[in-house]
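The exercises below concern how parts of a protein model meet. Work through each task before reading its solution.

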There are 2 protein chains.
Amino acid sequence: MKIGYLGPRGTFTEMAVQTLFDDKNVLKPYRTIPDCMDSVANGDMDAAVVPVENAIEGSVNVTLDYLIHKQRLEIVADIVVPISQHFLVHPNQRDNEIKKILSHPHAVAQCHEFLRSSYPGVEIEYMTSTAAAAQWVADHPNEPVAAIANEQAATSYQLDMLEKDIHDYDENRTRFAVLAKGKLSLPPYQVEPYTKKTTMMVTLSSDFSGALHQVLSAFAWRKLNLTKIESRPMKTGLGNYFFIIDVDCEADDVLIPGVMQELEALGCGVELLGSYPCFFHTSLKLTEASSV
Amino acid sequence: MKIGYLGPRGTFTEMAVQTLFDDKNVLKPYRTIPDCMDSVANGDMDAAVVPVENAIEGSVNVTLDYLIHKQRLEIVADIVVPISQHFLVHPNQRDNEIKKILSHPHAVAQCHEFLRSSYPGVEIEYMTSTAAAAQWVADHPNEPVAAIANEQAATSYQLDMLEKDIHDYDENRTRFAVLAKGKLSLPPYQVEPYTKKTTMMVTLSSDFSGALHQVLSAFAWRKLNLTKIESRPMKTGLGNYFFIIDVDCEADDVLIPGVMQELEALGCGVELLGSYPCFFHTSLKLTEASSV
């Protein structure tokens, strides 16, 4: 099977890929999330692995927005990976004063407290990924510049870990989606799924008071447990949103179709984005999903 | 009055500031949103003006998260500003092939279609603001580098507008919050408010099915119109969220306290973040808020 993922090598997405797909599969890194999703739509790849949500930073908006507005693929699996960030320098720069810090904006945000207390006022430059930051540092051994990136990047680019685990919050995780064109037969699981989920997109019927309350009623009286509700802009103007709703069960023949038919009859737009097994990276213990 | 805002000069935040505060006030740009909010908390400034939400990109997470988790200030006003992005180069580089494009990640995302069709594969580098991108281009007249920024930045830094209005969606707006320590007497309005809103933070009582539905019921049966509901991570683990709820009315003595008391009695955490007038930038016509 051919799997595209958000590259470069050495990112957390690669850890997600390795949870489900061993190296008998073709694994190809892409430069951006849209490029990665396009590769499935145009048939170059069978599936794409992209980040959807981080426990600290929240949803990865470019993934949700591109999925909804541009390239509708089906969610066929979901993988949770633990996130640890480290402060990496070139061995030549170990004892020098660091003048600039490079990383992805999400990683910078995850290490906000560390940066404020240990490197106040030091220039921060955003890169397209944590691995790209590590690579830049490796390529410029004479510049007093550090990268915030993961252990895999430290090893790949032979950088020194000047400080370990500099992220502000423990329990940091990122959730990745496996996207495909229609149903995809996943390879034999390397780990067992801990639950199954169903994801829907709902647009509200019209500009009336209590519309979202009415939508949630359709789930609540059926005791369908929601694990997430996310509002995203329709991109038609401030105040216009659609909602992405995760339900903690597999799509059945009765309850989920019942919800969808009722919401449509009430004038909402409803689309099933996928019903799929959920996995943890092998380094994580099983825990239950929460409710909203 | 002393007003801190997300700088540098030439950003959309400065346009928001000028909507409410003329130059008889002291206006001071800050480098980051947290620095700007800290300046009010420590008494250096009377109020901070920071972005909260963009019509295309959604909420500005660093503002919401810093407000909730780190520096609790009161929302005392809300200002909506129109967003137009342009492709700026140094006059020396007008006829050269552009090798790199600089801008803030939000602005890059807002011009995604333009970049893919007109500059596919050209390197993109993220800057801390659109104005910082324009300044870099102005400071490097011999580099074939372009900035995505607004008209104010083009004028300030004397750059050529190679392409105008390159943003993917019209109707793009950003909403800014004015934050203060407790109630603040705003100066005499330069424009009249178009509505009043109340913002609350709600955490759910416990991990049970239908909790959010129950919260919305407290608003729905009182016919309190919600204009926005946003879920953000609690930062305690994937699946744990709090909700920011905007109600389309001023906090009264009966209905809003009624909602808050009931939700507390049900075991939710409820905090009033502010009840405040809402303004449009002078270039925008009045429109109504939508409901959710």
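**Exercise 1.** Determine how far apart the C-alpha centres of domain 1 and domain 2 of chain A lie, and describe the contact between these domains.

*Solution.* 
1. In this predicted model, chain A is divided into domain 1 (2–82 + 173–280) and domain 2 (86–163).
2. The C-alpha centres of the two domains of chain A are 31 Å apart.
3. In chain A, 12 residues of domain 1 touch 10 residues of domain 2, and the area buried between the domains is about 890 Å², with 56% of it from carbon and sulfur atoms.
4. On the side of domain 1 of chain A, A:Gly10, A:Phe12 and A:Glu57 supply 47% of the area buried against domain 2, more than any other three residues.
5. Zero salt bridges are found across this interface of domain 1 and domain 2 of chain A, and one residue pair is in polar contact (both at pLDDT 80 or more).
6. Helix α1 (residues 12–20) of chain A gives the largest share of the domain 1 side, four residues. By class, that side has four nonpolar, five polar and three charged residues.

**Exercise 2.** Characterise the interface of chain B and chain A by area, salt bridges and polar contacts.

*Solution.* 
1. Contact involves 64 residues of chain B and 64 residues of chain A.
2. About 4800 Å² is buried between the chains, and carbon and sulfur atoms give 52% of that area. Within chain B, the residues that lose the most area to chain A are B:Lys235, B:Leu238 and B:Val292, together 14% of what that side buries.
3. The rule finds six salt bridges between chain B and chain A. The side chains of B:Asp38 and A:Arg116 meet in a salt bridge, at 2.6 Å from N to O.
4. Strand β13 (residues 226–233) of chain B contributes the most to the side touching chain A, with seven residues. That side of chain B comprises 24 nonpolar, 21 polar and 19 charged residues.

Key:
Residues are numbered from 1 along each chain as its sequence is written. Chains are lettered from A and ligands numbered from 1 in the order in which they are written. This is a predicted model: local features need pLDDT of at least 70, side-chain atom pairs count only at pLDDT 80 or more; totals for chains, interfaces and linings use all residues. Side-chain values use heavy atoms; hydrogens and water are left out. Contact means heavy atoms within 4.5 Å. Buried area is the accessible area (1.4 Å probe) that two parts lose on being put together, summed over both. A salt bridge is a side-chain nitrogen of Lys or Arg within 4 Å of a carboxyl oxygen of Asp or Glu. A polar contact is a pair of N or O atoms within 3.5 Å; within protein, one must be able to donate a hydrogen and the other to accept it, and residues adjacent in sequence count only if both atoms are side-chain atoms. Helices (H or I, at least four residues) and strands (E, at least two) are DSSP runs, numbered from the N terminus. Ala, Val, Leu, Ile, Met, Phe, Trp, Tyr, Cys and Pro count as nonpolar, Asp, Glu, Lys and Arg as charged, and the others, Gly among them, as polar. Domain bounds come from an automatic or database domain assignment.
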